[in-house]
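I opened this notebook to record what I looked up in the structure, entry by entry. The entries follow the order in which I turned to each topic.

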Amino acid sequence: MKRLFLTLLLPVCLAAYGQLPLPAVPSTLTAPRDRADYIATHFYDGMDWNDAAMSGPDAVMQSWADFLSVLPHATPDTAIVAIYDFMHTVPPSQADYVNGLAEGYLYAIDSEMYNETFYLAALDGLATDPLLDETAAGLYRLRHDYLARYAPGCEITGLMVSPLDGGSQFDICEAAGKAAEVMLLFYDPDCDDCHEAMHTLSTDPDWIARRQSGQLLVVIAEITDEVEDRFPILAVPSIYMLDGATLTIKSRNLPLSK
């Protein structure tokens, strides 16, 4: 009931912010998900980049935050298309700023709105924005294509890993089915933070309990040139969380505390 109440009130709540005129939801749409889909799809219909009240930094940031607050209530595919469609219309003068907002809200690990799939949609929209010149669009395309490799939902195969507590290397495919989740920790042998993270996983009672109960299997892989060519490694150490049965990526580039 709480979710229904909040979703039905979204148009009213959001109207209190900024100068962007918000879409009037047709009265025929009564289901919360349908209403959220409509708002997400039409949120930026009234955006006028030539209107200073709408296109100033503070106004753009506020409308972006409001827009993102709608998306968890919408159908995932609708949310992705809505992000792409908006970014596809951003003028060159605003592209870097809007991309910074997208990265900060959707790709910063400590953001409550962190969502890699949404951020990839934002980059894709900028990369195909007809208003941008080829050089600017090309830079967004390079970043998109780099981050899209082994994004959440992709399965990891053909990677040699080692047990956390020592032992012979094995293909990660052999880890399938051994725990509910698999933590794949990429490390640099010269990285103190990497060794600290591995020590914590080996000695902390909570992590030990998760591993012994079958909830979690931890494997490690050294960051070599070959690994960096395959996987986007944005932090050291870098943690990828995998579904234990399928070895598909659930999330990645996480801190140990995530």
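Before placing anything, I note that helices (H or I, at least four residues) and strands (E, at least two) are DSSP runs, numbered from the N terminus. With that in hand, I placed G166 in the loop between β1 and β2 (170-171).

**Ground rules.** I am working with a predicted model, in which local features need pLDDT of at least 70 and side-chain atom pairs count only at pLDDT 80 or more, while totals for chains, interfaces and linings use all residues. Residues are numbered from 1 along each chain as its sequence is written, and side-chain values use heavy atoms, with hydrogens and water left out.

**Confidence.** I looked up pLDDT, the predictor's confidence in each residue from 0 to 100, and found a chain average of 90, with 93% of the residues scoring at least 70. Over residues 1-18 pLDDT stays under 50, and for that stretch the model has 23 contacts (heavy atoms within 4.5 Å) beyond four places in sequence.

**Cores.** I next asked which residues touch the most other members of the largest nonpolar core. Such a core is a set of buried Ala, Val, Leu, Ile, Met, Phe, Trp, Tyr and Cys residues joined through side-chain atoms within 4.5 Å, where buried means under 20% relative accessible area, exposed over 50%, and partly exposed in between (1.4 Å probe, protein chains only). Of its 42 residues, W64, F67 and M87 touch the most other members. Two or more residues come from each of α2 (32-42), α4 (57-70), α5 (76-87), α6 (92-106), α7 (116-127) and α8 (134-148), and α7 gives the most, with 8 residues. Leaving aside neighbours within four places in sequence, I found F67 in contact with A40, F43, Y44, A82 and I83. Another core, of 20 residues, lies apart from the one above and has V161, F170, V219 and L242 among its members.

I recorded about 220 Å³ as the volume of the largest pocket. On a 1 Å grid over the protein atoms alone, a pocket is an open set of points where a 1.4 Å probe fits, with protein on both sides within 12 Å along at least five of seven lines, and lining residues have an atom within 4 Å of a point. The volume is the space filled by probe spheres set on the points, which are joined across faces, edges and corners. The lining has 13 residues, and L159, M160, Q169, E222 and V227 lie nearest the centre. At least two lining residues come from each of β1 (160-163), β4 (216-222) and α11 (225-230).

**Backbone.** Most residues other than glycine have a negative phi, and most peptide bonds are trans. I therefore noted L247, which has a positive phi of about 60° although it is not a glycine, and which is buried at a relative accessible area of 2%. L247 sits in the loop between β5 and β6 (249-254). N253, in strand β6, has a positive phi near 55° and is buried, with a relative accessible area of 6%. A cis peptide bond, with omega about 0°, joins V236 and P237, and P237 is in the loop between α11 and β5 (238-243).

**Distances.** E196, in helix α9 (residues 192-203), counts as exposed at 53% relative accessibility.
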